[in-house]
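Here's a friendly tour for anyone meeting this structure for the first time. Have a look at the sequence and the model, then read on.

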Amino acid sequence: MTTYRPEFEAALRLFARVSEAMHELGFQRPILVGGAAAEFYSQSAINTGDFDLCTPRQEALEAEMQKVGFVKPSGAGQMTKGWIHPELRLGFEVVADIPMDGGYDRDTLALIENFTNEGAFVVISVEDLIADRMGQYASGTSRDRLRQAQTLYRLHPSLDKVYLDRRIREETINDYGIEALES
Amino acid sequence: MIMASKRLKAEEKWTGRRVDFPVFSDALSKRRAELGNPELARNSGKNRTESKKALLKAIKDAGGNW
């Protein structure tokens, strides 16, 4: 059986811990977006370099991250807004308050339960992730994203196609729709 | 008690999808196998922000192999 790579599972466990801590404080859990969300939805068919997170409570989240061992990098790494975990050798970075400038439907966010007994965590929907890849493809700056989007689409046959089509059209200013994934 | 109450309230407010990880992971494994375990094209990395480049370098310097 295919599984996630161990480094990614370790990162997910840390993400679950800090997500649960935020939840305990009465804040919304941070949202996993970007390449790590693509790794989550592909079961490590792509290996990402770090975790991109969205939260309007950056200060509180980073305080919780420090409690589980994250530190600011030294040396050239001082330029980053991200944090690294020296023992697990992985990085987390808050990239925005909300995903995709708020263009997504919050009710499609996925609360992942029973991954670990340390807490649940939230991941952007696979539809929005695909739409995000298509938006980058349509912008002409990331032509490699089309194949990512097509593979994610094939991996999740039960996704909401109506919502996906709408979100692709929004992210690509109507240049593309769901048919671009089926070619 | 206060924390438990806050937590219960937040859970009641969740209106998004709920995903049971073992069920999700098992279904995804089967789907991947059906499709011949496709790989996703890796990002070229040319659109990374300076912050992202610095973070990835720091991870690499720490011995990370991502």
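Let's start in chain A, where the axes of helix H4 (residues 126-138) and helix H6 (residues 161-171) come within 8 Å and cross at roughly 30°. Because angles under 35 degrees count as roughly parallel, H4(A) is roughly parallel to H6(A). Their crossing is right-handed. The table lists who makes the contact (C-beta atoms, placed from the backbone, within 7 Å).

| Helix | Residues in the contact |
|---|---|
| H4(A) | A:Glu127, A:Asp128, A:Ile130, A:Ala131, A:Asp132, A:Met134, A:Gly135 |
| H6(A) | A:Tyr163, A:Leu164, A:Arg167, A:Ile168, A:Glu171 |

These residues divide into six nonpolar, one polar and five charged.

A word on the source: this is a predicted model, with local features needing pLDDT of at least 70 and side-chain atom pairs counting only at pLDDT 80 or more, while totals for chains, interfaces and linings use all residues. Residues are numbered from 1 along each chain as its sequence is written, and chains are lettered from A and ligands numbered from 1 in the order in which they are written.

Now for the two chains together: 42 residues of chain B are in contact with 48 residues of chain A. On chain B's side, helix H1 (2-13), strand E1 (17-20), helix H2 (21-34) and helix H3 (50-61) each supply at least two residues. H3(B) gives the most, with nine residues. By type, chain B's side divides into 19 nonpolar, eleven polar and twelve charged.

Strand E5 (residues 110-113) of chain A runs parallel to E1(B), joined by four bridges. There, A:Glu113 stands opposite B:Asp20.

How values were computed: Ala, Val, Leu, Ile, Met, Phe, Trp, Tyr, Cys and Pro count as nonpolar, Asp, Glu, Lys and Arg as charged, and the others, Gly among them, as polar. Two strands pair if DSSP finds at least two bridges between them. Axes are lines fitted to C-alpha atoms, for helices over the stretch in contact, and angles run from 0 to 180 degrees between N-to-C directions. Angles under 35 degrees count as roughly parallel, over 145 as roughly antiparallel, 65 to 115 as roughly perpendicular and the rest as oblique. A crossing is left-handed if the near helix is turned anticlockwise from the far one by less than a right angle, and right-handed if clockwise.
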